[in-house]
Amino acid sequence: MPLQTLYHQFPKASKVTRTQAEKQKRRRDREKAILSSQGLDWSEKEKILYTAQTPPGEKKDTSLPFPAAYSPDYVESSWYQWWEKEGFFRPEQHDSLPHAVERTFSMCIPPPNVTGTLHLGHALTVAVEDALVRWRRMQGHRVLWLPGCDHAGIATQTVVERKLLRESGRRRQDMGRDEFLQEVWMWKNEKGEEIYSQLRRMGASLDWTRACFTMDPGFSRAVTEAFVRLCDSGLIYRSEALINWSCALQSAISDIEVDSKELSGRTMLPVPGYERPVEFGTMLTFAYPIEGHDGEVAVSTTRPETMLGDVAIAVHPEDPRYQAVHGKQCRHPFTGELLPIITDSMVDMQLGTGAVKVTPAHDHTDFLLSQRHSLPYVTVIGEDGTMTPPSLFGFGWCFFLQGVKRFDARQMVVEALVEKRLFRGKQQHSMTLPVCSRSGDIIEPLLKKQWFVQCKGMAAKAIQAVEDGELEIIPQFYSKTWKNWLSNVSDWCVSRQLWWGHQIPAYSVELPQNLWVWGRSEEEARQRASVKYGVPPEKITLTQDPDVLDTWFSSGLFPFAMLGWPQQTKDMERFYPNALLETGSDLIFFWVARMVMLGTELTGQLPFKQVLLHSLVRDKHGRKMSKSLGNVVDPLDVIHGTSLEKLQEKVRAGNLDPREQLVAMEAQSKDFPRGIPQCGTDALRFALCSHKTQGEIFRTSSTISKDSEGMSRGFFCLNNNAFLLLVLWVQVGPLGSMERWVLSRLYSTVLQCEQSFEAYELHSVTSALYTFWVNSLCDVYMEYMKPLLSPQTRATEGAVACSVLFHCVSVSLALLSPFMPFITEELWQRLQLHHPPASATAQPSLCLQPYPSSQSLARWHFPDEERDFLWVQDVVRVTRSLRAQSGVTKKKPTMWVECSSAQAKILQDFSPALRTLSRVSTVQLVCPVPGGDMPQLTPRLRLPKAAWRQWSITHADGVNVDRQIAELTQRRDRLVPKLEQLLARVRSKDYQTKVPSHVREALDKKVRVSNCELAKCCITGASWCENGLVSKSYKSNAI
């Protein structure tokens, strides 16, 4: 039995059955939650197109009438081509900026694979990185954000092989290496351009003149140089070791391409190349007869087919059951070889029989055990997954299995053991099954000679860099994960048995011994071999290793190879090390750690100063977005919109398990019954950046397009109102209280944006911007200023308000530009038509304008007005609620407010806003002396707010007070029992521990809604008093 199974407790069959049942129940619950979810309700919006004849690359004509409704097709047309043609995204643009500073910000995009189109995870990366890049560029930094694509060796070769087999019935072996590589290059050119087109469509401000592909000639030279240097320093070596082998791909694969599938018991799984599912999750026990003795040693294994490669039996030295057999031998029932019984403390005496079979050539743990005891290696499974004769043993029964598929051979071995009366039974067994993520094949550990990178020393430097503060990982808690993983890193196998990739620059030398040399070219390798082995160059014959390097090896060079390394180019001098590396948290080991190790070793510097990790994109049920689950969302489907039929066509085109396909399509029908509405690039970017991405689960939902709908459409309230006002722009005069308040809110927003950008907390930036634009500017200030446009006030208060509005809109557009570049450019360009910039050095595009700073707006900071207006808004909010629930919705009543002198001063200062926003005709302030009475009104509605103040509004004629009170009473009586039932569930003993999180969220929401409704009912009921005739209490202990 492979020794790795010793680390799992041998379960009883009944326990395994219960665990399997629980697992199946969880799966059913998950599917039920998916299938019962509520979908996105939306209506088709009119699509308005930009129809002006604007040649690609020319500036968009903004003198045309602005559309009355928001249309992404209109707004996002033409701008990107103009930005790119004008070179706004190139670092050379920095020299022309009047606000330029001598600081550099460089970053590379995590190069997407050329295997297909981008998904929503890529969209999150683009949204976050482009926001940071545009922010730094507007700050005046010299910015380089470099695009690129990864050749993705295994993934791309697999896709092209399937395409050729499907279209022409040919395999790569039928074509030859050169012809096959031509086919792959054709695929790359097609898909690479498609990916770059998607990046442009998402507004990524990349410097396309420096675009980099990992198989470009310059990049390939960097890969060769890195391999040669690491070989010369002894950090790359060739050795025989166990590797992860995919029989379907017939190649070694990296750890990141191995998925661990947890099995709790007997499970039937489909395996490529097998017509029927294969059984896993069972443990079989059989006996080895002891040579020269009547006894036997029973061993257990999950892989009986590998017993043909057994070379020993291991027991624990202190196990009393086997004290008498130490040093004895067992006879192999099929090969006839003698297997020594060895002792080792690694053996778990409590697991199974306490004795294990040792198969070093097909198990990683057994391989280590064989090294400790100098045991031989016997390979019995070939690269194609079929059985081969044991290399060390003589001819025997085992040749009957030659050429048989490994899992078919499993049953044949069991039948043979039964026939020899050596089979002792089978039980269910929990286990972890290694699965190839590319092909779905079961990984086969194989013993092969490969090239390895020695990682211990480089890993130690990477750990030290974080501990010394030279490299900052954000969020900080990943630093512990970083240290734990790198402290236990093993040597890295970089050989891949593929045709697509960087062919290893190592050559075998045809001499009596099997010798190897390496070089930057075959000629250099020949000279090295001549010097090393003392043979004239002309007598040396070299054969290049046909394998290619692991894709992660070339990807690990990206931060400096993209800048021209190993040459010391101007870009290397100016932009290396990079300022920041931003990527998904799942790549911290397999890409980030390797970049740090290789960059430090090859350049003598860390490749970047900071690492910013965002969380994985998951669906709304918490599942990782995966093609194997059918829950992947194409960002272009969100940008342009798509139908349910097209979504389900993509699921059907995938290689999904039938059950998963059914669940995926049913989920799509529930989530997107009418498809996905068009929301545009700006809305998608803003929504993605609005989520907290550092360290938290990032869940998308069917409402992702709603997250920024208010913001996108909020811009267009400006179209209906503010643009008519901006023609009246004049120099700002004396400011009123509302002008001071909104300008101070603008200053506070800029300050929060500054602080949050510096901390890379983009969700806080977007929250501040949304709050200011929608809640402060559109909902409050623009509503307040509408009456000021009357003929009586247009030239005085109206002119000042328009000036302040222009200032707020201009600054807000600059603040929002990194997140929503298209709509902000459209509006900013139109603003310039009404008020051209006074400065001769003004930039042609908003993306080059200075980013607003709190220092430049400090004169607009009025903290007293901000604080005071919070209370005024409280008055407005409750007054509106009182009017609505009292049926006073059309006429404007008089408001009476009883308050202190200080409060009266505040209300007087904001009196115009209070009247407009509350929709009352007049505001009467009463500051009673102690012991005095409130003036009597006939009739009035009074709202007690606190012990020290109250306010009332006179209600309109015709309002039936008795009916209003009766309705409120009935509503209260219905709400209280429901709320008490909800609270009883929420306050139960095991609520936090036993109730699923999604159920708790739903219950908590119901409690909040019910509380809010009951509070409105009670407060409004308490406010009704007809000259003191209504005295009934509306309080409730449930609140």
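## Local features of the predicted model

Gln250 sits in the loop between strand 5 (236-246) and strand 6 (251-252). The model is predicted. Phi of Gln250 is near 55°, a positive value in a residue other than glycine. With a relative accessible area of 36%, Gln250 is partly exposed, because that class runs between the 20% and 50% limits.

Arg919 also has a positive phi, near 60°, and is not a glycine. The loop that holds Arg919 runs between helix 30 and strand 31 (922-926). The relative accessible area of Arg919 is 33%, so Arg919 counts as partly exposed.

Two cis peptide bonds can be described next. One runs from Ile474 to Pro475, with omega near 0°. Pro475 belongs to the loop between strand 19 (472-474) and helix 12 (478-487). Another cis bond joins Trp565 and Pro566, and its omega is about 15°. Pro566 is found in the loop between helix 15 (558-561) and helix 16 (570-575).

| Helix pair | Axis separation | Angle |
|---|---|---|
| Helix 25 (residues 762-785) and helix 30 (residues 911-918) | 9 Å apart | about 105° |
| Helix 4 (residues 120-138) and helix 21 (residues 680-689) | within 9 Å | roughly 85° |

At about 105°, helix 25 is roughly perpendicular to helix 30. Helix 25 contributes Asp779, Val780, Glu783 and Tyr784 to the contact, while helix 30 contributes Pro912, Ala913, Thr916 and Leu917. Sorted by class, this contact has five nonpolar residues, one polar residue and two charged residues.

Helix 25 also contains Asn775. Asn775 is partly exposed, with a relative accessible area of 35%. Leaving out residues up to four places away in sequence, Asn775 touches Tyr770 and Val780.

On the helix 4 side, the contact is made by Leu120, Ala123, Leu124, Ala127, Val128, Asp130, Ala131 and Arg134; on the helix 21 side, by Leu684, Arg685, Leu688 and Cys689. By class, there are nine nonpolar residues, no polar residues and three charged residues in the contact of helix 4 with helix 21.

Which residues touch the most other members of the largest nonpolar core? They are Leu199, Tyr781 and Phe819, in a core of 134 residues. When neighbours within four places in sequence are set aside, the contacts of Leu199 are Ile109, Leu118, Val126, Ala204, Leu206 and Trp208. Another core, of 65 residues, lies apart from the largest one; among its members are Cys212, Trp451, Phe553 and Phe590.

Is Thr267 buried or exposed? Its relative accessibility is 16%, so Thr267 counts as buried, the limit for that class being under 20%. Thr267 lies in strand 8 (residues 267-269). A polar atom of the Thr267 side chain lies 2.9 Å from the backbone oxygen of Gly265.

Note on methods: Residues numbered from 1 in each chain as written. Predicted model: local features only at pLDDT ≥ 70, side-chain atom pairs only at ≥ 80, totals over all residues. Heavy atoms only, no water. Helix = DSSP H or I, 4+ residues; strand = E, 2+ residues; numbered from the N terminus. Buried < 20%, exposed > 50% of the residue type's maximum accessible area, 1.4 Å probe, protein only. Polar contact = N/O pair within 3.5 Å; in protein donor to acceptor, adjacent residues only side chain to side chain. Core = buried A, V, L, I, M, F, W, Y, C linked by side-chain atoms within 4.5 Å. Contact = heavy atoms within 4.5 Å. Axes fitted to C-alpha atoms, helices over the stretch in contact; angles between N-to-C directions. Parallel < 35°, antiparallel > 145°, perpendicular 65-115°, else oblique. Nonpolar A, V, L, I, M, F, W, Y, C, P; charged D, E, K, R; others polar.
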